[in-house]
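Subject: Structure handover

Hello,

Here is the structure I promised to pass on. Please load it first, then read the notes below alongside it.

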Amino acid sequence: MDSQRSLRKIQRVQRAGVTRAAGQRRPVGFALLLVAITVVGVTLIIFARGSYRAAAVSSPKVNLPGSPGDHFHNAFGIYLCDKFIEPLSDAGPDTTGIHSHADGLIHIHPYLQSSSGGNAQMGKFFEMVGLEATGQKVVLPAGSTEKKKTWQSGKDTCNVGDKAKKKTEKGQWVLLEYPPQAGPETVPTVHKEGFDGLSIRTDGQAWTMAFLPASQVDSVASKRKGDLLPPSMEELKNPSDQLEPDGSGAPGSGDQGVVPPVTGESVPAPTKPPTDAAPTDAAPSTAAPTEKAPATSAAG
């Protein structure tokens, strides 16, 4: 009787579709879950390490005492309706290594990790020259020779067409990004917002912040091309300042190379004793005679 009952139980199980015999491999779902978690964890660790290493070596590299990094130059200009305004100058002592000499160039030789690599952004330069810039509004610094300081997209206007008819059109801000070695036929990348977050990626780039009649914005890249390259393109070909091999500034250049930060950011200590530091190692003064901007002829 017992054997017959056991046989009937086996038959019922078989009819229900359960055919696993004793010793057969059990489902591996749990094991697969553990493997998946392990793989994801290892992948995240590798990605994090790779990102850190990439950030540490990405350009522009930071200039540290005894370890000179990159020294880039980019051309920069501001175009209002129909002409470029005079170059901007630093609003105070250089504290990050991204600044200007009132020569229409952005000088990029970061002193801090927070201004190097992917952190070397246009916003650092804007802060240095006292420029407020977004896709909607640009406020020129107090030191600008332009009488009108604030220009807003969709509010302020440009003269268009025949001057005799005195037609005006509301304008819009764009930031044109040109690659290195740009020329008359180079088509720029047009940015309409997020100006301060754009990265300075390499040496020899050019940037034009342009306030244009709104009807021209969509076609500015294809129609104007290199026509809106900054006037400082010639200066970009042969910058007047270069860092020495040890990372120090070229004599008389106004670029001081590696300097101790004043923002409180931690960096390795200088290799020379403090008693060897010369007064000229301090951050450069923005009042140097060579940095005085010429008289402006740009339109307000």
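Predicted model: local features only at pLDDT ≥ 70, side-chain atom pairs only at ≥ 80, totals over all residues.

Strand 5 meets strand 6 (residues 137–139) through two bridges, in the antiparallel sense. Within that pair, Ala 133 sits opposite Val 138 of strand 6.

**Ser 153**

Next comes a residue in a loop. Ser 153 lies between strand 7 and strand 8 (157–160). Is Ser 153 buried or exposed? Its relative accessible area is 14%, so Ser 153 counts as buried, the cut-off being under 20%. The side chain of Ser 153 comes to 3.1 Å from the backbone oxygen of Gly 135. Leaving aside neighbours within four places in sequence, the contacts of Ser 153 are Gly 135, Gln 136, Gly 171, Gln 172, Trp 173 and Phe 211.

**The nonpolar cores**

The largest nonpolar core has 29 residues. Which of them touch the most other members? They are Phe 76, Ile 78, Ile 106, Phe 126, Leu 131, Trp 173 and Met 209. Several elements each give at least two residues to this core: strand 1 (72–80), strand 4 (105–108), helix 3 (122–129), strand 9 (167–178) and strand 11 (206–213). There is also a second, separate core of 17 residues. Among its members are Ala 75, Ala 182, Ala 210 and Leu 228. As background, nonpolar side chains tend to be buried together in soluble globular proteins.

**Strand 4 and its partners**

Strand 4 pairs with strand 1 and with strand 3. Take strand 1 to begin with. Four bridges join strand 1 to strand 4, and the two run antiparallel. Here Asn 74 stands opposite Ile 106.

Strand 3 (98–99) also pairs with strand 4 in the antiparallel sense, over two bridges. Ile 98 has Ile 108 as its bridge partner in strand 4. These two strands form a hairpin, with five residues between them.

Which way do the residues of strand 4 point? Leu 105 and His 107 point one way, Ile 106 and Ile 108 the other way, and all are buried.

Ile 106 deserves a separate look. It is one of the core residues that touch the most other members. Neighbours within four places in sequence aside, Ile 106 is in contact with Phe 72, His 73, Asn 74, Phe 76, Ile 98, His 99, Met 122, Phe 125, Ile 200 and Trp 207.

**Helix 3**

Why is helix 3 described as largely enclosed by the rest of the structure? Because six of its eight residues are buried. They are Met 122, Gly 123, Phe 125, Phe 126, Met 128 and Val 129. These buried residues pack against strand 1, strand 3, strand 4, strand 5 and strand 11. Just after helix 3, Gly 130 has a positive phi of about 75°.

Met 128 lies in this helix. Met 128 is buried, with a relative accessible area of 8%. Beyond neighbours within four places in sequence, Met 128 is in contact with Asp 90, Ala 91, Gly 92, Pro 93, Asp 94, Thr 95, Ile 98 and His 99.

**Two positive phi values to check**

Ala 102 has a positive phi of about 60° although it is not a glycine. Ala 102 is found in the loop between strand 3 and strand 4. Its relative accessible area is 9%, so Ala 102 counts as buried.

Lys 225 is another non-glycine residue with a positive phi, near 45°. Where is Lys 225 found? It sits in the loop between helix 5 (220–224) and helix 6 (233–237). With 25% relative accessibility, Lys 225 counts as partly exposed.

Best regards

How values were computed
Residues numbered from 1 in each chain as written. Heavy atoms only, no water. Core = buried A, V, L, I, M, F, W, Y, C linked by side-chain atoms within 4.5 Å. Buried < 20%, exposed > 50% of the residue type's maximum accessible area, 1.4 Å probe, protein only. Contact = heavy atoms within 4.5 Å. Pairing = 2+ DSSP bridges. Polar contact = N/O pair within 3.5 Å; in protein donor to acceptor, adjacent residues only side chain to side chain.
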